Amino acid sequence: MAQRLTVIGTGYLGATHAACMAELGFEVLGIDVDADKIARLSAGELPFYEPGLEPILRRNLENGRLRFTTSYDEVAEFGDVHFICVGTPQKPGEYAADMSYVDDTITALAPRLTRACLVIGKSTVPVGTAERLARRLARLAPAGDLAELAWNPEFLREGFAVEDTLHPDRIVIGVESDRAEKVLREIYAPMTAEGIPLIVTDYPTSELVKVSANAFLATKISFINAMAEVCEAAHADVTKLSEALSHDDRIGGKFLGPGLGFGGGCLPKDIRAFMARAGELGVDQALSFLREVDAINIRRRIRMVDLARELLGGSFIGRTVGVLGAAFKPNSDDIRDSPALDVATTIRAQGGNVTVYDPQALDNARRAHPELAYGTSAQDAVAHAHVVLLLTEWREFRELDPDELGAVVAERNIVDGRNALDPERWRAAGWHYRALGRP
């Protein structure tokens, strides 16, 4: 009989995984403690923006392969395989990850598991978590050792989550039994049939894959942004430096784009949690370089504010600033640790009149930062502005006409925080163009 899957937690990861597993042909039941979220998902409405996901959600709701609940009793009765997809946010005032949602999941699910099943963690967790949870699961579940644990880290990129779920570049599974491996191989058979590699390993290695990948990615982004600091001091062009480096096969051009740096709900908190866990393991020196990676990333935001202030003669007081972008990256409405909103709120705190526009993230931004003003379009946000800041590289911002935008601003000053615009085109239209890491 085909495995029936449940997905615990219907946030970004969980809703995506549930819909995509149903798309592969599985019967899937999603659960969340948030009844409003479950009601929206059951009605075919995503509580976040992700290109291409909503049609998959609706299609599988209509064909009956996907449904949602708030009942753990129903989940335990229904599922042969249970995916844990809850959040592991950064603890307030600490670097460490908050594991309460993961622990609460085991507390709620395990006592209801009366038959053989596989519980699979997908959440990003500190190394050592799976071993701890496996012992707890076997202790609390009436099924005992027949309720097994496996770890299967997620590698979703916001804006590309459907592709990354259905056609990942690799699948990693941390298992302790042949049975767990067999179940996961069956689930992911459509993907391995495409030639996607499946890597079988132990618990701790599987837990380290995601945080190691994020640490490497963050390091690469911060490296080119550190070079941007050097380029500004040396009057060099970091975009040309990046282009030259990208042709070196040992380096490559992906994520070598200089700019405002990284944000979001994963990369910043994951590298901080990684550092915290290394300290607990007594190997904090091994990851001490990540402190500078984090510091470089924050300095980019400070430098962005400085560049804008320089264009305004040294003060934001009484000046109008138009901000293009609120999401931490394009093709997303996620504002968690958004560099764009960090810059916008900093400038407002320094006396600037700030208006923000984003194609998808305005509702989230308004809720988080009601003190900012918001526009209904790019032109509306920059109307009468003394300086324009491009902080999220949405396509519609990259394609803006400098003459049309110039007709509505008070002064033609722009700071390109993502190196997304053609400087010569904007300067030819009479704009004073500045960018991070460029002369």
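Is Arg398 buried, partly exposed or exposed? Arg398 counts as partly exposed, because its relative accessibility is 38%, and the partly exposed class runs between the limits of under 20% for buried and over 50% for exposed. The model is predicted. This briefing covers nonpolar cores, cavities, one annotated span and a set of individual residues.

**Nonpolar cores**

- The largest nonpolar core holds 50 residues, and the members that touch the most others are Val321, Ile347 and Leu389.
- A separate second core has 42 residues, with Ala15, Ala18, Leu46 and Ile196 among them.
- Beyond four places in sequence, Val321 has contacts with Leu312, Phe316, Ile347, Asn353, Val354, Thr355, Ala385, Val387 and Leu389.
- As a general background, nonpolar side chains in soluble globular proteins tend to be buried together.

**Largest cavity**

- Searching the whole structure gives 2 cavities of 30 Å³ or more.
- The volume of the largest cavity is about 180 Å³.
- Its lining is made up of 18 residues, of which Lys122, Asp164, Thr165, Pro168 and Tyr188 are the closest to the centre.
- At least two lining residues come from each of helix 1 (12–23), helix 7 (161–166) and strand 7 (171–174).
- Helix 1 gives the largest share of this lining, with 4 residues.
- Sorted by class, the lining of the largest cavity contains 10 nonpolar, 4 polar and 4 charged residues.

**Second largest cavity**

- The second largest cavity has a volume of about 90 Å³.
- It is lined by 13 residues, and those closest to its centre are Val125, Pro126, Val211, Ala273 and Phe274.
- Helix 10 (203–234) and helix 12 (267–280) each contribute at least two residues to this lining.
- Helix 12 accounts for the largest share, 5 residues.
- By class, the lining of the second largest cavity comprises 8 nonpolar, 2 polar and 3 charged residues.

**Annotated span**

- In an unreviewed entry, UniProt lists residues 322–423 as "domain: UDP-glucose/GDP-mannose dehydrogenase C-terminal".
- In the model, residues 322–423 are 32% helix and 18% strand.

- Asp294 sits in helix 13 (residues 289–311).
- Asp294 counts as buried because its relative accessible area is 6%, while the limit for that class is under 20%.
- Apart from neighbours within four places in sequence, Asp294 makes contact with Tyr95, Ile271 and Arg272.
- Arg272 is 22 residues from Asp294 in sequence, and their C-alpha atoms are 8.2 Å apart.
- Leu311 also belongs to helix 13.
- With a relative accessible area of 12%, Leu311 is buried.
- Leu311 touches Val387, Asn413, Ile414, Val415, His432 and Arg434, leaving out residues up to four places away in sequence.
- Leu311 and Val387 are 76 residues apart along the chain, with a C-alpha separation of 7.4 Å.

**Arg398**

- Arg398 is part of helix 17 (residues 395–398).
- Its contacts, not counting residues up to four places away in sequence, are Glu393, Ala420 and Leu421.
- Arg398 and Asp202 are separated by 196 residues in sequence and by 45 Å in space, C-alpha to C-alpha.

- Most residues other than glycine have a negative phi.
- His235 is not a glycine, yet its phi is positive, near 60°.
- His235 is located in the loop between helix 10 and helix 11 (238–246).
- His235 counts as exposed because its relative accessibility is 65%, and the exposed class begins over 50%.
- Asn331, also not a glycine, has a positive phi of about 60°.
- Asn331 falls in the loop that links strand 9 (320–324) and helix 14 (339–349).
- At a relative accessibility of 30%, Asn331 is partly exposed.

Note on methods: Residues are numbered from 1 along each chain as its sequence is written. This is a predicted model: local features need pLDDT of at least 70, side-chain atom pairs count only at pLDDT 80 or more; totals for chains, interfaces and linings use all residues. Side-chain values use heavy atoms; hydrogens and water are left out. A nonpolar core is a set of buried Ala, Val, Leu, Ile, Met, Phe, Trp, Tyr and Cys residues joined through side-chain atoms within 4.5 Å. Buried means under 20% relative accessible area, exposed over 50%, partly exposed in between (1.4 Å probe, protein chains only). Contact means heavy atoms within 4.5 Å. On a 1 Å grid over the protein atoms alone, a cavity is a set of points where a 1.4 Å probe fits but cannot get out, and a pocket is an open set with protein on both sides within 12 Å along at least five of seven lines; lining residues have an atom within 4 Å of a point. Grid points are joined across faces, edges and corners, and a volume is the space filled by probe spheres set on the points. Ala, Val, Leu, Ile, Met, Phe, Trp, Tyr, Cys and Pro count as nonpolar, Asp, Glu, Lys and Arg as charged, and the others, Gly among them, as polar. UniProt positions are given in the numbering used here, feature names are shortened, and annotations may be inferred rather than shown by experiment.
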